[in-house]
Amino acid sequence: MEENAIIDLGKIGLTFDPNPWNAAKAYEKYTVIMHNGRGWVSLVDNKGHEPSETDPMWMIISDSGESLYQMMVRTGRFVGTEDEFLQQYQDALSAAVNAAAEARAAATDVQAKGEAALAAASAAEQAAAAAGSAADDAINAKNTALAAAGQAEGSAAAAREAATDAGAAADLAREKATQAGAAATSANEEAAAAHQAVVETGAATEAANAAAGAANAAAASVTNHTLGIDFDPTTGLLQGVYGSHGSILDVEMDQETGQIVVTEQID
C-alpha cells in the first residue's frame with residue numbers, strides 16, 4: 001500500500017522568533033522578528049534581506065513599543081477600534097484554521113479517492129487481463145470452428161459425390177429393371193404363344209389321328225387293299241399309304257373344309 005499523500009498548505013499563521021534579525025538565517029513567510037526596536041513580519045521566504053520599509057519582503061508591524069493595532073492604524077491599514085481589530089484578527093485566524101482543517105479533510109478525501117482510483121486501476125488491469133485471455137480463447141475457438149467447418153465441407157463434398165454415384169447406380173438399376181420387366185413381358189408373351197402352339201399342335205394331332213382313322217375306315221370299305229398309313233407331324237400330312245396291288249394312296253385333310261382327300265397313285 002502506498003504511503004499517505006501529504007499536501008503542504010504553506011504557512012497560514014504568524015510565527016514569532018524571539019531572536020534579533022540574523023543575516024545568515026533563513027526566515028519563512030509570516031515570521032515576526034524584532035529589528036532596530038521595531039517589529040517586522042516576513043511576507044515571503046527570504047535570507048540575507050535586512051528588514052526595511054523599502055524592502056518588499058518585509059512589513060513593519062510595530063514601532064518603538066507600539067502594538068500591532070496601533071501600527072495598523074498609524075499606517076492606515078485598519079480603521080476601527082482595537083476590539084474590532086482583535087476580533088477581525090481572531091476571525092481571520094479562525095478562518096485560517098478552518099481552511100487548514102478543510103484542506104486536511106480535502107487531502108484525506110483526495111487520498112481516499114486516490115486509493116479508490118488505484119483499486120479501480122488494479123481491477124481494470126485484471127479485467128483487461130481477463131479480456132485478453134477471453135480474446136485468446138475466442139481466437140482458439142474460431143480456429144477450431146474453421147477447422148471443423150473445413151472438415152465438414154470435405155465430408156459434405158464426399159457425401160455429395162457418393163449421392164451422385166448412388167443416383168447414377170439407381171438410374172442404372174431402374175433401367176435394368178425396366179429392361180428386365182420388358183424381357184419378362186416378352187418371355188410371358190413367348191410362353192403364352194408357345195403354350196398356344198402346344199395347344200394347337202395337340203388339337204391338330206387329335207384331328208389328324210381322327211382323320212387317319214376315318215381314312216383307314218374309308219379305304220377298307222372301298223377295296224380289299226391292305227393299307228398302311230403314316231402321319232407326318234412335321235407337315236401334318238397322312239402319307240405312305242400302300243395298297244395290296246402296289247398302288248400308293250395319298251391321304252390329305254383339307255384344313256378349310258375338314259374333309260379327307262385320298263388320291264391313289266398306280267405304279
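This note sets out, in numbered points, the main features of a predicted model of a protein chain.

1. **Overall make-up.** The protein chain contains two helices and 10 strands. Read from the N terminus, its elements follow the order β-β-β-β-β-β-α-α-β-β-β-β. The protein chain has 267 residues, of which 16% are buried. Among contacts with a separation of 6 or more, 17% are made by residues 24 or more positions apart.

2. Strands of a sheet pair through backbone hydrogen bonds, in either a parallel or an antiparallel sense. In this model, four strands form an open sheet in the order β1-β3-β4-β6, and the pairing is mixed. The edges are formed by β1 (15–20) and β6 (58–63), each of which pairs on one side only. From one strand to the next, the twist averages 30 degrees.

3. **How the strands pair.** Strands β1 and β3 run parallel and are joined by three bridges. Here proline 20 lies opposite methionine 34 of β3. Strands β3 and β4 run antiparallel, with four bridges between them. Valine 32 has valine 41 in β4 as its bridge partner. Lastly, β4 (residues 38–42) pairs with β6 in the antiparallel sense over five bridges. In this pair, glycine 39 is opposite serine 62 in β6.

4. **The setting of β3.** Is β3 largely enclosed by the rest of the structure or largely exposed? Four of its five residues are buried, and β3 is therefore largely enclosed by the rest of the structure.

5. **The hairpin and asparagine 36.** Strands β3 and β4 form a hairpin that has two residues between them. Asparagine 36 belongs to the loop between β3 and β4. Most residues other than glycine have a negative phi. Asparagine 36, however, has a phi near 55 degrees, which is a positive value in a residue other than glycine. Why does asparagine 36 count as exposed? The cut-off for an exposed residue is a relative accessible area over 50%. Asparagine 36 counts as exposed because its relative accessibility is 64%.

6. **Tyrosine 30.** A positive phi is also found at tyrosine 30, where the value is near 65 degrees in a residue other than glycine. Tyrosine 30 is placed in the loop between β2 (26–27) and β3 (31–35). Its relative accessible area is 27%, so tyrosine 30 is partly exposed.

7. **The largest pocket.** Rolling a probe the size of a water molecule over the atoms shows where empty space is left. The largest pocket holds about 470 Å³ of space. Which elements each supply at least two residues of the lining? They are β6, α1 (68–74) and α2 (82–222). The largest share, six residues, comes from α2. By residue type, the lining of the largest pocket consists of 16 nonpolar residues, two polar and one charged.

8. **Aspartate 55.** Aspartate 55 is located in the loop between β5 (46–47) and β6. Is aspartate 55 buried or exposed? A residue counts as buried under 20% relative accessible area. Aspartate 55 has a relative accessibility of 13% and therefore counts as buried. With neighbours within four places in sequence left aside, aspartate 55 is in contact with His49 and Glu50.

9. **Valine 79.** Valine 79 lies in the loop between α1 and α2. Its relative accessible area is 79%, so valine 79 is exposed. Tyrosine 69 stands 10 residues from valine 79 along the chain, and the C-alpha atoms of the two are separated by 9.6 Å.

Methods: Residues are numbered from 1 along each chain as its sequence is written. This is a predicted model: local features need pLDDT of at least 70, side-chain atom pairs count only at pLDDT 80 or more; totals for chains, interfaces and linings use all residues. Side-chain values use heavy atoms; hydrogens and water are left out. Two strands pair if DSSP finds at least two bridges between them. Axes are lines fitted to C-alpha atoms, for helices over the stretch in contact, and angles run from 0 to 180 degrees between N-to-C directions. Buried means under 20% relative accessible area, exposed over 50%, partly exposed in between (1.4 Å probe, protein chains only). Contact means heavy atoms within 4.5 Å. On a 1 Å grid over the protein atoms alone, a cavity is a set of points where a 1.4 Å probe fits but cannot get out, and a pocket is an open set with protein on both sides within 12 Å along at least five of seven lines; lining residues have an atom within 4 Å of a point. Grid points are joined across faces, edges and corners, and a volume is the space filled by probe spheres set on the points. Ala, Val, Leu, Ile, Met, Phe, Trp, Tyr, Cys and Pro count as nonpolar, Asp, Glu, Lys and Arg as charged, and the others, Gly among them, as polar.
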